[in-house]
Amino acid sequence: MSSAENKAPTGLHPQRPTVANRLVRKTNPSEVLITAWRGVSENQHVVSAEWPFSHPFYTPEPEAHRPLLLTESIRQALTLLSHTEFHIPLDHRLGWDYISCSATPEGLRTTAEPAAVELHISHTSVSRRRLGCARLSAEVEAVRDGVRVGTAQIRYTSYPEALYRRLRGPYADAAEACARAFLPGRPLSPALVGRENAGDVVLSPTTRDNLWFLRPDLTHPVLFDHPHDHVPGMVLLEAFNQAATALCAPKATRTLSLDAVFKRYVELDQPCLIEGERLGASGIQLIATQGDVVAVSALVTTAPA
């Protein structure tokens, strides 16, 4: 974007299709959910998103979107703001440290028209570190038709390309990481995880009912619309959602909230296990382990569908 577009966060910035996909880290422009953004103060912004009537991945049933549509909208919004308002270069790598996201069932209902959603984002901390790193914390309130439909708290980090390559070592190159990746295993039954298509299932069975292999499919047009050097956070959150659904089966449930802590990257060339444990009537504790080390942990709260 030009320097004029990066000045004080006052006016409304309309989406520019020729650059918007780069600003939100999506290759396919049709996957861009953000339509505009404006500044309220130096660290407060309102980002507008449009949810389609039906999305091929985030709307597995006609009546309601998945909560991860809100999560993906927030991911895109924070990525955009990091580049446009906080001037983090486009070649820096962004990664989640923590995310807590909740959505109301009413807010996820589909209608005959696309839904306009406003994300009210307050960055509570923007810390510039040595060697060009930045650590940011944000609170988000999602509003649809004047009603709050979701909230989120997120901590994320930006790494300069050179530092990221030193940190990742032989795993830094996305093309090489994808070339080494395991082929996806046999999917669970789609109905068991609330899906219709086997291609959207990100879990493979094991001999235990509460343990699954992660099956990242690098050909998936939404979860992998461009090469990654590790399993993306959105894939892991989808795996946790599907694991929670499988644990509650045959009882139909919906996810109300998800809190996840990202401790290390999940590599594409090593098996990753997803394990779940019921905590009372509505809570489910989940962990993703790789090489006997916990990489990501999460708590999912569900309700009857």
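Strands β3 (residues 44-51) and β5 (residues 115-128) pair in the antiparallel sense over eight bridges; helices (H or I, at least four residues) and strands (E, at least two) are DSSP runs numbered from the N terminus, and two strands pair if DSSP finds at least two bridges between them. The model is predicted, with local features requiring pLDDT of at least 70 and side-chain atom pairs counted only at pLDDT 80 or more, whereas totals for chains, interfaces and linings use all residues. Residues are numbered from 1 along each chain as its sequence is written, and side-chain values use heavy atoms, with hydrogens and water left out.

Five residues lie between the strands of the β5 and β6 hairpin. L131, in the loop between β5 and β6, has a positive phi of about 70 degrees although it is not a glycine. L131 counts as exposed because its relative accessibility is 55%; exposed denotes over 50% relative accessible area, buried under 20%, and partly exposed the range in between (1.4 Å probe, protein chains only).

A positive phi of about 55 degrees is likewise found at D145, which is not a glycine. D145 belongs to the loop between β6 and β7 and, with 73% relative accessibility, counts as exposed. The peptide bond from A249 to P250 is cis, with omega near 5 degrees, and P250 is found in the loop between α5 and β10. Most residues other than glycine have a negative phi, and most peptide bonds are trans.

The largest nonpolar core has 77 residues, of which I74, L119, I121, L214, L237, F240 and I274 touch the most other members. Helix α5 gives the most to this core, with 11 residues. Such a core is a set of buried Ala, Val, Leu, Ile, Met, Phe, Trp, Tyr and Cys residues joined through side-chain atoms within 4.5 Å. F240 touches L258, I274, L286, I287, A288, V296, A298 and V300, residues up to four places away in sequence not being counted; contact means heavy atoms within 4.5 Å.

The largest pocket has a volume of about 1,000 Å³. Of its 42 lining residues, L94, G95, H228, H230 and P232 are the closest to its centre. On a 1 Å grid over the protein atoms alone, a pocket is an open set of points with protein on both sides within 12 Å along at least five of seven lines, a cavity is a set where a 1.4 Å probe fits but cannot get out, and lining residues have an atom within 4 Å of a point. Grid points are joined across faces, edges and corners, and a volume is the space filled by probe spheres set on the points. The second largest pocket holds about 520 Å³ and is lined by 23 residues, with E61, R66, T253, R254 and A305 nearest its centre.

Three cavities of 30 Å³ or more are present, and the largest cavity has a volume of about 90 Å³. Its lining consists of 13 residues, of which P67, L68, T71, C101 and L258 lie nearest the centre.
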